[in-house]
Amino acid sequence: MKLKSLIEEASQCQGRTVAVAAAEDEEVIEAVAMALKHRLGRFVLYGDRERVGRLLKEKGCTRFSDVEIVHANSVGQAAELAVRAVHLNEADALMKGHVSTATLLKAVLNKEYGLRAGRVLSHVAVFDVPGADRPIIVTDAAMNIAPDLEQKVQIVNNAVSVARSIGIEQPKVAALAAVETVNPAMPATLDAAALAIMQKRGQISGCLLDGPLALDNAVSMTAAKHKRIESEVAGCADILLVPDIESGNMLYKSLVYFANARVGAVIAGAKAPIVLTSRADSAESKLYSLALAICSAAK
Ligand SMILES: CCCC(=O)SCCNC(=O)CCNC(=O)[C@H](O)C(C)(C)COP(=O)(O)OP(=O)(O)OC[C@H]1O[C@@H](n2cnc3c(N)ncnc32)[C@H](O)[C@@H]1OP(=O)(O)O
């Protein structure tokens with residue numbers, strides 16, 4: 001499913017509420033305005049009432065009834081209130097506003113009012129890459145810094161459930177490394193090989209997984225054939241599991257800045273999906289992320 005059709009799909013999911021933490025941000029309100037126009041759901045905006053209200057007015061949102069402001073005295077309080085609302089099932093998804101990623105994630109991980117669900121939380125980004133015939137999912141580019149093997153299993157599980165929520169029933173997962181052969185000097189190749197065996201032995205389900213694969217032979221059939229790799233995943237991967245946050249973040253940003261890819265992303269594995277875009281992301285990208293969150297919350 002292309003990201004544009006995700007907006008249509010999300011608009012069919014009736015009655016979803018999104019809690020926005022520290023909504024006093026022009027790009028965030030722009031995305032909320034677009035979401036309201038597409039009737040994606042109801043938005044509760046936590047933040048400075050005056051500033052949020054002024055931005056809503058500027059973006060022409062005052063005619064919408066599906067938007068409410070809840071005043072917070074500080075960014076930290078806005079994050080806590082928004083997270084609490086999701087914790088209490090008053091909202092179905094959380095969106096990051098003008099608050100640092102670390103502040104919001106710490107609230108999300110809070111034991112008393114946070115959104116832990118006994119799983120690893122991980123970032124899942126869905127890209128429309130110009131020239132690609134399918135969405136490309138990258139994980140984890142933004143949350144887990146250096147995941148171990150067990151965390152990678154859960155990162156795969158989270159990405160598989162997001163893939164399923166957008167209609168990819170049995171996604172093909174490439175566990176990426178710099179090379180497609182096991183090299184004990186490159187720990188990512190060892191984890192990737194272990195993950196491939198785990199999938200074949202049924203310890204990971206709902207997907208096909210192979211690795212180690214280098215990026216070229218994960219996504220290009222020509223490159224895979226050139227290397228004579230016999231695999232159901234090589235050349236046609238849907239999900240790219242990256243070894244760590246640095247490689248993932250650079251892949252993410254390369255796709256956006258060099259390849260003009262469109263992206264929508266969520267944190268999965270929590271009680272509810274979380275939209276965690278960076279300030280540099282466009283309002284359009286934030287809209288796609290909201291649509292992805294609403295679709296994955298609904299399933
Ligand atoms: C791609 C575009 C967008 C971006 O570029 S975003 C920018 C890049 N991202 C970041 O800067 C965030 C990177 N991650 C982090 O900073 C940290 O890992 C993060 C998420 C803030 C957590 O840090 P800390 O609060 O220091 O966590 P900690 O390791 O001390 O653990 C505290 C408790 O939380 C738990 N935890 C941490 N990460 C988790 C996860 N992924 N899933 C589930 N639980 C998690 C951890 O187990 C610990 O629990 P407990 O207190 O021992 O029970």
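Colleague: How many disulfides does the structure hold?

Modeller: Keep in mind that this is a predicted model. A pair of cysteine sulfurs has to lie within 2.5 Å to count. For C236, the nearest cysteine sulfur is that of C207, 13 Å away, so C236 is in no disulfide. For the whole structure, the number of disulfides is zero.

Colleague: Which cysteine sulfur is nearest to that of C295, and how far away is it?

Modeller: C295 is in no disulfide either. The cut-off is 2.5 Å, and the nearest cysteine sulfur to C295 belongs to C13, at 4.8 Å.

Colleague: Is C236 buried or exposed?

Modeller: Buried means under 20% relative accessible area. C236 comes in at 19%, so it counts as buried.

Colleague: And C295, buried or exposed?

Modeller: The same cut-off of under 20% applies. C295 has a relative accessible area of 0%, so C295 is buried.

Colleague: On to the rings: what kind of aromatic pair do F127 and Y252 make?

Modeller: The structure holds one aromatic pair. Its ring centres, in F127 and Y252, sit 5.3 Å apart, and the planes are at 75 degrees. Planes over 60 degrees apart fall in one class, so this pair is edge-to-face.

Colleague: How many residues apart are F127 and Y252?

Modeller: F127 is in strand 5 (residues 122-128), while Y252 is in helix 10 (residues 245-257). The pair links distant parts of the chain, and the separation is 125 residues.

Key:
Residues numbered from 1 in each chain as written. Predicted model: local features only at pLDDT ≥ 70, side-chain atom pairs only at ≥ 80, totals over all residues. Heavy atoms only, no water. Buried < 20%, exposed > 50% of the residue type's maximum accessible area, 1.4 Å probe, protein only. Phe/Tyr/Trp six-rings, centres within 6.5 Å; stacked < 30°, edge-to-face > 60°. Helix = DSSP H or I, 4+ residues; strand = E, 2+ residues; numbered from the N terminus.
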